[in-house]
Structure formats: C-alpha cells, structure tokens
Amino acid sequence: MSDKGDPDLRLETIEALSAAHDVPVLDLLMIAANMHGVDADVDIPRARIRLSPETSSEVWQIILPLENPDSPFRLAGGQLRLDGQKVARIEALENDDVVLTYLRAGGRSVTLNTNSRSNCIGCIFCPNIIEDAADATVSGVDGLESVLTWLCADLDWPGLAQVEVITVCSGCFHTPAAAIRHMAELRKAAGRLGFTGRLHLLSSVVRDRDDIKRLAELAGPFHLTFTLECFERRDVLLKSTKASLTVEETCRALDDCADLGVLGDFTYVAGLDSLAAAADGLERLSGCVTAFPRIQVYQAHNDLMRRYRSADAADLRYYIDLRRRVEPALAARGLAPKSWENYRPLWYERFAGEAVAGPRI
Ligand code: SF4
C-alpha cells in the first residue's frame with residue numbers, strides 16, 4: 001500500500017471486515033474516507049459534506065480532504081463512490097473555511113473561533129494552512145457581546161437562553177491568563193443575552209489546578225478539553241506549547257477537573273501513533289475523563305502530511321483495534337459519543353454495542 005492511500009480498497013473488503021469484527025459498514029466506510037480523503041471533481045482542498053450513505057436512512061456530515069488522486073474514493077456527479085460503486089449520495093457540499101461562529105445540534109451548541117484560530121500554525125495535522133479564513137480576534141466583554149448579538153439577530157433568536165453549550169475552539173492562547181480572561185469575558189457577554197449553559201474551551205495551556213479553579217469560578221459551569229493530540233513524536237508533530245503537555249500531566253489535570261466540578265476530556269488524532277502506544281495511552285486517559293474524548297481520524301491533505309501517518313495506521317484494522325480497546329474503558333465510566341460533537345470519530349452508528357445518539361449534524 002502506498003502512503004497516498006490504498007487504491008485497491010474495495011467495498012467487499014469493508015463488508016468482510018464489518019462481518020469479521022462486528023463493526024457497522026457505515027463506520028468503516030466513514031473511517032476509510034477520512035483516512036484516504038477523496039479524489040473530487042471540485043476545486044477546493046477541503047469540504048464540509050452532507051451525505052446520505054447507501055446503508056443508512058439518515059443524512060450525515062463529514063469533512064474531507066478532496067485532493068488525493070490516489071484515493072479509492074471518488075466524488076463526482078453528486079455521488080461518493082468507492083472502487084466505482086456508489087456508497088453515498090451528496091446532499092450538500094461547501095468549502096470548509098474557518099468561520100467566526102457555527103452551530104451544531106440544531107443550535108443547542110454554538111462554536112466560536114474568537115481568537116483567530118486561522119492564524120495558529122505549528123501542528124502537522126492542522127488544516128489551518130490550507131483553509132480560507134473568515135475568523136478574527138474578538139475580545140473584551142463588549143466585543144464578544146457584539147458577536148453574540150449579531151449571531152442572535154442572524155438566526156432570529158431572542159437570546160441565548162436555549163443554548164446548552166458555547167465552545168471556544170482555539171489553540172492560540174499563549175498563556176493560561178489569556179485563556180481565563182477570554183472565557184470570563186465570554187461568560188459575562190453571553191450572560192447579558194440570557195445564556196446560563198456550559199462554557200467549553202479546547203486548549204493545552206490551562207493545566208494547573210489553580211488555573212482550572214479560576215476558570216470554574218469566573219466562567220463556570222465549565223468543560224475543559226485538553227488538546228493532547230498524540231503520544232509519540234510530540235516534539236515533531238505539535239507546536240511547542242502543546243508538545244510540552246504530557247500524558248501524566250493530563251491525567252492529573254483531569255483528576256483536578258473532576259474534583260473541581262469541571263467536565264474534562266482530551267483531543268486525540270488517531271493515526272499518528274503506533275497501535276500499541278495509541279491503545280495504551282487512550283486506555284489510561286479514558287480512566288480519568290468525565291466527558292467523551294474527541295478522538296478524530298487523522299486526515300492528510302498532502303504528501304508531506306501523509307508521510308507523518310504511523311505505518312500501523314495505513315490499515316483499517318488499526319482503527320477497529322483502537323475501538324475495541326477503548327470502548328470498555330469509556331463505557332465503564334458511563335460515557336458514549338454524540339454524533340454532532342465530532343465529524344471524524346471512530347464511532348458513527350455503534351459504540352460498545354449501543355446505537356450512537358444523534359442528531360448527526
Ligand atoms: S494549536 Fe495546532 S491544531 Fe490547534 S489551531 Fe494551532 S496549529 Fe492548529
């Protein structure tokens with residue numbers, strides 16, 4: 001198999017793996033599409049795609065790299081094909097640019113890129129370098145209130161009382177103090193519009209117990225996701241502020257979160273580490289989380305990025321093995337994935353023998 005993809009991957013292969021390992025065909029198809037990307041007839045590098053798979057009665061959202069001519073997946077004529085066979089109908093497709101704000105779960109979840117995520121570089125797997133950007137740095141209570149007021153007006157919402165969670169997705173805070181200040185300002189701004197739900201931050205800089213405590217006090221109820229991403233080659237694959245975060249430190253910080261009433265989990269990119277390191281690390285961390293971790297299949301946008309994929313992860317069985325190792329540890333903590341929280345997960349239709357909850361978008 002070349003590192004550009006497996007041009008010989010067949011639907012029959014996926015069906016055989018599905019039967020042998022009791023994993024839904026849809027789950028394996030989506031994981032494979034994330035792994036390989038797509039050879040597409042549109043001239044954009046990366047797309048948000050809504051599709052109706054042949055094996056499902058639902059519409060799903062997936063975000064895929066579109067520029068791999070060696071992929072076994074072909075997107076053309078409103079269809080996604082594998083080895084020439086139609087596997088899904090395309091319902092909608094748009095450029096995956098970095099926007100200031102977007103909704104999930106029908107508006108129950110609002111995501112903000114209020115700290116210029118598009119300007120952040122340094123992690124090998126990050127699509128920022130190829131995406132168009134329409135985000136900006138917004139700060140101060142009044143500035144954040146303006147963005148949220150514009151959002152409400154655009155959606156014809158009277159306020160934010162019905163929103164359950166607001167997530168700030170940013171790796172760009174250079175210090176814990178900057179992250180805490182932004183989230184405290186956001187709590188005040190959103191509160192002016194009736195928001196009483198949970199604030200959620202994805203970050204690697206807030207790690208110390210005292211900082212987590214301040215976040216809970218100034219911005220709670222709170223959910224903190226540690227952007228750990230991988231276990232091996234951290235100095236090579238990650239920007240330096242992230243690379244210094246260790247598994248031990250993350251476990252200790254997750255314990256602090258649980259102790260302080262803050263939901264805690266982590267991000268992980270499946271496909272960068274050897275299978276042994278990935279499975280051992282994920283099992284260990286799964287014992288510390290209080291929210292379902294954001295485990296995302298590694299997507300490569302070019303030959304350089306493809307070279308950083310672990311040799312183990314060129315085979316679909318890598319992802320099947322990871323699922324089998326991680327499911328019991330997370331299920332034992334009463335945790336399960338929600339489709340709308342992650343558009344490139346290891347689980348689509350089934351997790352630990354149960355259906356994965358929707359909505360899908
Ligand atoms: S921290 Fe890394 S993954 Fe996050 S936005 Fe910056 S470069 Fe991308």
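An open sheet is formed by six strands in the order E1-E4-E5-E6-E2-E3, with mixed pairing. Strands here are DSSP runs of E of at least two residues, helices are runs of H or I of at least four residues, and both are numbered from the N terminus; two strands pair if DSSP finds at least two bridges between them. Strand E1 (39-40) and E3 stand at the edges, and each has a single partner strand, so one side of each lacks a neighbour in the sheet. E1 and strand E4 (residues 73-76) run parallel and are joined by two bridges. Ala40 has Leu75 in E4 as its bridge partner. H2 packs on this sheet and touches strand E2 (46-53), E3, E4 and strand E6 (85-95). The direction of H2 makes about 25° with that of E3, where axes are lines fitted to C-alpha atoms, for helices over the stretch in contact, and angles run from 0 to 180 degrees between N-to-C directions.

The model is predicted: local features need pLDDT of at least 70 and side-chain atom pairs count only at pLDDT 80 or more, whereas totals for chains, interfaces and linings use all residues. Residues are numbered from 1 along each chain as its sequence is written.

The domain assignment of the protein chain gives domain 1 (1-96) and domain 2 (98-317 + 331-355); such bounds come from an automatic or database domain assignment. The centres of the two domains, taken over C-alpha atoms, are separated by 25 Å. In domain 1, 23 residues are in contact with 22 residues of domain 2, contact meaning that the C-beta atoms, placed from the backbone, lie within 7 Å. Helix H2 (25-36) and strand E3 (60-65) are the elements that give two or more residues to the side of domain 1 that touches domain 2. H2 gives the most, with eight residues. The composition of that side is tabulated below, with Ala, Val, Leu, Ile, Met, Phe, Trp, Tyr, Cys and Pro counted as nonpolar, Asp, Glu, Lys and Arg as charged, and the others, Gly among them, as polar.

| Class | Residues on the side of domain 1 that touches domain 2 |
|---|---|
| Nonpolar | 13 residues |
| Polar | four residues |

Overall, the secondary structure of the protein chain comes to eleven helices and 17 strands. Along its principal axes, the C-alpha trace spans about 55 × 45 × 35 Å. Residues 24 or more positions apart account for 73% of the contacts with a separation of 6 or more.

How values were computed: Two residues are in contact if their C-beta atoms, placed from the backbone, lie within 7 Å.
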